[in-house]
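Hi,

Here is the structure I said I would pass on.

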Amino acid sequence: MQNSNASLFEMMGQFGHQNLLFCNDEAVGLKAIVAIHDTTLGPAIGGVRMLPYNTTEEAIEDALRLSKAITYKAAVAGLNLGGGSAIIIGNHRTDKTEILLRRLGQFVEGLNGNFIASIDVGTTQKDLEYIHTETNYVAGLPESLNGGGDTTIFAARGVFYGIKAAIKELYGDDSLAGRKVAVQGVGSVGEHLVAMLRNENARVYVSDMTEERQNENCSQV
């Protein structure tokens with residue numbers, strides 16, 4: 001146990017993290033991790049990701065990696081926010097419930113505004129509404145709740161224009177017509193991205209851990 005604790009602190013030190021927090025509520029089936037990387041510019045914001053990680057260590061590494069990336073993204077975008085990430089260990093198709101998400105909301109509320117939850121892999125706007133039932137520290141809520149609406153379209157646009165910039169650098173123009181583009185992961189962001197690529201007549205190849213989503217998008221290639 002001492003070695004495990006030492007390795008956690010070493011990982012946090014390697015990535016430069018401020019906090020790594022755990023929530024375990026067996027009554028509702030919640031095993032969650034919140035990583036807060038840096039709050040120099042403001043409270044940490046980050047998505048709530050729900051995946052069936054093979055190990056707790058794998059989930060921790062993902063939380064640390066994601067939260068650090070968000071710190072830099074927020075800084076580059078000129079936002080007064082830091083980087084964070086919330087991980088729920090579980091299958092979002094079979095394990096996710098309203099009570100589980102509301103319990104996470106209570107946990108986020110207990111962080112006193114140091115972490116703001118948003119959408120990530122395995123969560124939706126409806127899930128954010130459940131979290132919002134217990135805390136106001138949520139971003140990306142529907143406009144009907146005075147939120148900014150679906151943020152995944154903006155994430156997809158960022159990737160899309162990044163692809164176009166790379167193509168222009170390599171080939172002299174940013175046309176995607178006839179270009180082969182592989183999209184790994186066709187959740188909310190991936191679906192928007194696939195649609196944008198197809199609108200420019202790119203040849204799109206998709207891959208997803210969920211066979212149903214992969215088949216849905218492959219049928220449209």
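**What I found**

Let's start with strand S7 (residues 203–207): Val-204 and Val-206 make up its covered face, while Arg-203, Tyr-205 and Ser-207 lie on the uncovered one. Strands here are DSSP runs of E with at least two residues, helices are runs of H or I with at least four, and both are numbered from the N terminus.

Before going on: this is a predicted model, where local features need pLDDT of at least 70 and side-chain atom pairs count only at pLDDT 80 or more, while totals for chains, interfaces and linings use all residues. Residues are numbered from 1 along each chain as its sequence is written, and side-chain values use heavy atoms, with hydrogens and water left out.

Back to S7: it pairs with strand S6 (residues 180–184) in the parallel sense over 5 bridges (strands pair if DSSP finds at least two bridges between them). Ser-207 is the bridge partner of Gln-184. Between S6 and S7 the chain passes through helix H6 (residues 188–199), giving a right-handed β-α-β crossover (with the strands pointing away from the viewer, the path from the first strand over the helix to the second runs clockwise).

There is also an open sheet of 5 strands, in the order S1-S2-S4-S3-S5, with mixed pairing. Strand S1 (19–25) and S5 are at its edges with a single partner strand each, so one side of each has no neighbour in the sheet. S1 and S2 run antiparallel and are joined by 7 bridges, with Asn-19 opposite Ile-36 in S2.

Which residues of H4 are buried? They are Asp-127, Leu-128 and Ile-131 (buried means under 20% relative accessible area, with a 1.4 Å probe and protein chains only). These residues sit on the same side of H4 because they cover an arc of only 100° around the axis (taken from the directions from the helix axis to the C-beta atoms). The buried residues of H4 pack against S3, H3 and S5 (contact means heavy atoms within 4.5 Å).

Cheers

Note on methods. Buried < 20%, exposed > 50% of the residue type's maximum accessible area, 1.4 Å probe, protein only.
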